[in-house]
Amino acid sequence: MRNLALLSAATLAACLAAGIVAAAEAPLPAHPVRVVSMNLCADELVLRLADRDQIAAVTWLARDPRGSSVFAEAAGVPLTRGLSEEVIALKPDLVIAGAFTTRSAVGMLKRIGMPMLELGLPGDFEGVRAQIRTVAKALGHPDRGEALVADLDRGLETVAAAPRPLRALVMRPNGFTVAPGSLGDAVIRAAGLVNVAAEIGRDRSGQVPLEAAAFAEADLIVLDDSGSGTPSLADALLHHPVLEQLRREGRTVSIPNRLWNCPGSQVAEVVKRLAKAARERTVLQ
Amino acid sequence: MSAPLRPAIVERSRPGRLLVPALAILVGMLVLASIACGYAAFDVSAAFADWLAGRNTLPALVLSELRIPRALLGALVGFSLGLTGAVMQGYLRNPLADPGILGISSAAALGAVIVFYSGMAGALSLALPLGGIAGAAGAALAINLLAMRGTGTLGLILAGVGLSSLAGALTALALNFAPNPYAALEIVFWLMGSLTDRSMDHVWLCLPLMLVGWLLMLSTGRALDALSLGEDTAASLGFDLVSVRLRIVTGAALAVGSGVAVSGAIGFVGLVVPHLVRPLVGARPSASLLPSGFAGAALVLVADIAVRLLPTRPELKLGVVTALVGAPFLIGLLFHHRGRG
């Protein structure tokens, strides 16, 4: 009886120890077959790089045609809202999450030893290439990662940068802009433009007051004109009479936010469109 | 029959007579201060000259589509809230009455939210203030029915608190049902109020409706004076109480409903300002109506200038500032009345 008690105590201790080890470094499988993505940017890479039958679930954001560059690919794939319960129920052998989103769920999944890959927010193209390769390797398809990186590089090579360093200011719903040092900033610079957000006042959350945007002397105000079809105050801001006037003067360019919400080969398309808009604007001036 | 009462009603003390022009001048100055204050420095007078001359320069655009509408809306919304507060306090003979506390503002926000996020306001922009007015009218009617059943001072206030909570919860529900992903985050605007990035369109949407509401409420001044002697006395003095109630409910709904539809619900203005002007004009309800309107406009303008001058970014909501002033005021009032009661 006493031996049994000792044995179970030892087993418990061993389990605890194992649990702690697993939490510290849950090994990633070489060829995962039930991948769950918990973040839109992870969704985009998983849907581009994995076999369809490898994907157990992506987030509900992947199907939003406004925010997701893979909304077509996401059709038919099971969705979650990134809650730990949903993820555990799917019994994944690999979870890919964002380093800044659904933190409590990710912490919980790590504690129970779920194999976890966390993706940061790269601030330049080198970081994008590295992230594509990391995810491709974790999915067991490093070759597809190389192909996607080659896509990105081909896209970037074919861009003819803007003839003059015009000033660009990105205005997203609620007046959020692209902060210096982010990937969006690298995209603007790659197109040969200057990101005005670096010089004008932004608040802590990265919002630009409309007045400041109007007086920023931006040659190009970059916003998403596609619209969601559903009203919100956040979107209404982008149709304020001040911005409508700048639009009539040809000082805005519309680029879908989904193309550069996330790191991926699609950001080359944004560089291309920005450079094209800058060329047209230079001719006008 | 009302002749013997007339001298008491018409007589005005000297400061009372000067109060309305003084407050009107103060509001005018605050409107100018509000126009001068913002997030980008530019030559406002040059911009004004450009605007008058019809030159479509950027400063003229910012002046005419951001600064001026913001200042005008502050004055209009503040006037509506102050006037409605004074009318409600006089009519209900309740020193704690206020469109915010009685749930009229929250219900207006609910109406505006349903209309805006369902897309109706996109099809017809007038639908937005009409939604707010419908919500406000519902709440004002409910409060009026309770008052007619003889609900006491605190009973009415508690009913308003309940109505406010219900409307707030339904607003949150409506926003969570709204298809746009940003909608759920915008509850802060509707419950706390803000004048950020409004445009001249909003001014034209609410101005005519507000004017009608103001006139309806101002027309009840003498009836409110008579009502302070009791309903029977007022009726015997020849006031048609049904018409008075109808004008007050409709006027409050038009003024508060259209205001909330463009600015969100800004609390406590209608509660505070009648108490501030009463020492200057006396206890007669009719004497406090116009001064309360102007004082309300001044209060909202000051709050809106403050949120831009304070170094908090993103900008504080207006309701935060008015609650910082108004909530302690409400608690003080409660203590005061308990001491007297």
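How many residues of domain 1 of chain A are in contact with residues of domain 2 of chain A?

**Ground rules.** I am reading a predicted model, where local features need pLDDT of at least 70, side-chain atom pairs count only at pLDDT 80 or more, and totals for chains, interfaces and linings use all residues. Residues are numbered from 1 along each chain as its sequence is written, while chains are lettered from A and ligands numbered from 1 in the order in which they are written.

**Domains.** I found domain 1 at 23-122 and domain 2 at 167-284 of chain A; such bounds come from an automatic or database domain assignment. Their centres, taken over C-alpha atoms, are 29 Å apart. To my opening question: 9 residues of domain 1 of chain A touch 11 residues of domain 2 of chain A, counting a contact when C-beta atoms, placed from the backbone, lie within 7 Å.

**Chain A meets chain B.** I looked here next, and the contact draws 25 residues from chain A and 26 residues from chain B. On the side of chain A, α8 (210-214), α9 (233-236) and α10 (241-248) each supply at least two residues. I noted that α8(A) gives the most, with 4 residues. Helices here are DSSP runs of H or I, at least four residues, and strands are runs of E, at least two, numbered from the N terminus.

**A sheet.** I then traced an open sheet of 4 strands in chain A, ordered β7-β6-β8-β9 with parallel pairing; pairing needs at least two DSSP bridges between two strands. Its edges are β7 (194-195) and β9 (252-254) of chain A. Strand β8 (220-223) of chain A joins β9(A) over 3 bridges, and I221(A) has T252(A) as its bridge partner there.

Technical notes: Two residues are in contact if their C-beta atoms, placed from the backbone, lie within 7 Å.
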